[in-house]
Amino acid sequence: MPQDVAGSASRSRPGRRGRFAGRGGVWQPARMRRPLVPLTLVAGIVLLAALASFGRASGEDPEPEPETPVTPVRVAAGPDAESSLLAHTMVALLALEDVEGRVVSFSEARDTRQALERGDVELRPAYTGEAWLQALGRADPPGDPRSSFEEVRDHDAAQGLVWFRPRFLTGLEAPPANATFAFVVAGPPSVNADLNTVSQLASRLSAQPDATLCVDPEFAARADGLRAVLAAYSVRSAQPVLAAAPPDAVRGVRAGDCIAGLTTATDGLAWAAGFRPLVDDLAVFPAFVVLPQGRRDALVGRPAISTALGPMADQLTTALLGRFNARVIAGEPVEEVGAAAAVELARRAGREVPVAEGG
């Protein structure tokens with residue numbers, strides 16, 4: 001079940017703890033026939049209007065009209081640290097445009113999409129590869145980020161769900177952010193710090209047939225997993241493999257037990273260790289482009305939302321997300337890291353952002 005979490009920006013009001021209430025219907029009275037009004041009542045109304053006009057002419061202030069409360073924009077977050085960071089970044093970006101938002105946390109990643117479809121939330125951070133698997137029901141997400149994006153964008157448009165469009169550039173330091181699978185290697189002074197691509201790793205493995213890879217055991221056992229990757233890069237299938245989940249794969253590389261470990265390109269633990277993901281230059285791994293996704297009715301009704309989240313779609317890179325994930329792994333509060341990420345993205349987009357006190 002989801003829980004309300006207060007938005008990270010100072011403008012946000014604290015959210016309520018406990019169960020998240022779905023959006024209810026708004027009661028409206030039925031249209032009624034207008035009854036005939038007696039002349040005496042008409043005369044009384046005219047007299048009251050005249051008295052009100054006299055009061056205004058005498059300098060008396062009229063009663064202020066009550067303001068219609070603005071509902072905070074709800075942003076869904078999955079259970080993992082990266083999803084939480086992205087959701088808090090979105091709330092902080094909204095705050096920079098004076099739009100109040102709050103994070104709504106879910107215990108299952110797939111529940112964030114269902115909440116968006118039902119209208120229980122207006123926004124969520126989404127991954128194109130995940131949408132291929134869950135929404136499209138296809139087991140073959142493409143490795144090309146543009147192809148991955150266009151297919152899910154067209155599919156979800158019919159569902160009233162909008163994917164923010166990214167800029168498609170290449171490289172870890174260029175958008176879009178791609179949280180795909182990746183082999184990571186140790187940085188300097190490691191002898192493997194010169195590797196930048198998986199093709200270069202394949203060449204080194206050919207030269208070092210005893211070098212070990214740290215790979216998740218399930219991925220290593222699947223016919224469409226490690227064996228398919230090794231075949232695509234012409235690496236012999238007998239290459240030594242050490243079974244290791246992503247955190248253990250990073251530790252194995254740090255300890256020197258493995259030449260490379262399999263995790264994700266935005267893994268905060270790897271970035272905190274000074275590792276860099278190798279570029280999958282043959283696009284074997286499926287693309288998981290990270291983007292804001294929202295309900296069309298919410299975006300149409302409140303155009304400031306699209307303005308606020310534009311920098312996340314345009315400016316977020318794989319390296320930038322990895323470095324911010326590393327800060328969360330190091331123990332910084334996710335709300336503070338999300339606020340810092342929002343400011344950085346806004347600055348990169350050429351937006352004016354408030355300067356914090358003391359800086």
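This is a short walk through one predicted protein model, from the whole chain down to single residues.

Okay, some ground rules. Because the model is predicted, local features need pLDDT of at least 70 and side-chain atom pairs count only at pLDDT 80 or more, while totals for chains, interfaces and linings use all residues. Residues are numbered from 1 along each chain as its sequence is written, and side-chain values use heavy atoms, with hydrogens and water left out.

Let's start with the whole chain. It has 14 helices and 11 strands; both are DSSP runs numbered from the N terminus, with helices being H or I of at least four residues and strands being E of at least two. Of the 359 residues, 45% are buried. When I say buried, I mean under 20% relative accessible area; exposed means over 50%, and partly exposed is in between, using a 1.4 Å probe and protein chains only. The chain exposes about 19,000 Å², and carbon and sulfur atoms supply 54% of that. Those areas come from the Shrake-Rupley method with a 1.4 Å probe, and for residues only the protein chains shown count as cover.

A contact here is heavy atoms within 4.5 Å.

Rolling a probe the size of a water molecule over the atoms shows where empty space is left. The largest pocket has a volume of about 1,300 Å³. Of the 42 residues that line it, the closest to its centre are Ala179, Thr180, Phe181, Thr264 and Phe288. Bear with me for the definition: on a 1 Å grid over the protein atoms alone, a cavity is a set of points where a 1.4 Å probe fits but cannot get out, a pocket is an open set with protein on both sides within 12 Å along at least five of seven lines, and lining residues have an atom within 4 Å of a point. Grid points are joined across faces, edges and corners, and the volume is the space filled by probe spheres set on the points.

What is the lining made of, by class? There are 22 nonpolar, 10 polar and 10 charged residues. Nonpolar covers Ala, Val, Leu, Ile, Met, Phe, Trp, Tyr, Cys and Pro; charged covers Asp, Glu, Lys and Arg; the others, Gly among them, are polar.

Next up, the disulfide. The structure holds 1 of these, meaning a pair of cysteine sulfur atoms within 2.5 Å. Which cysteines does it join? Cys214 and Cys258, with S to S at 1.9 Å. Cys214 is in strand 7 (residues 213-215) and Cys258 is in the loop between helix 9 (246-255) and strand 9 (260-264), so the bond ties together parts 44 residues apart in sequence. The S-S torsion is about 60 degrees, so this disulfide is right-handed. Cys214 is buried at 0% relative accessibility, and Cys258 is buried at 6%.

On to some backbone details. The peptide bond from Pro175 to Pro176 is cis, with omega near 5 degrees, and Pro176 sits in the loop between strand 5 (161-163) and strand 6 (181-185). The bond from Pro188 to Pro189 is cis too, with omega near 10 degrees; look for Pro189 in the loop between strand 6 and helix 6 (198-207).

Then there's Asp98, a residue other than glycine with a positive phi, near 60 degrees. You'll find Asp98 in the loop between helix 2 (81-96) and strand 3 (101-105), exposed at 58%. Ser234 also has a positive phi near 60 degrees. Its loop runs between helix 8 (226-232) and strand 8 (241-243), and Ser234 is exposed at 61%.

Ser148, in helix 5 (residues 145-157), is buried at 0%. Setting aside neighbours within four places in sequence, Ser148 is in contact with Thr128, Gly129, Trp132, Pro142 and Ala287. Gly268, in helix 10 (residues 268-272), is buried at 6%. Leaving out residues up to four places away, Gly268 touches Gly322, Asn325, Ala326 and Ile329. Finally, Gly310 lies in helix 12 (residues 304-315) and is buried at 15%. Gly310 and Leu93 are 217 residues apart in sequence, and 9.1 Å apart from C-alpha to C-alpha.
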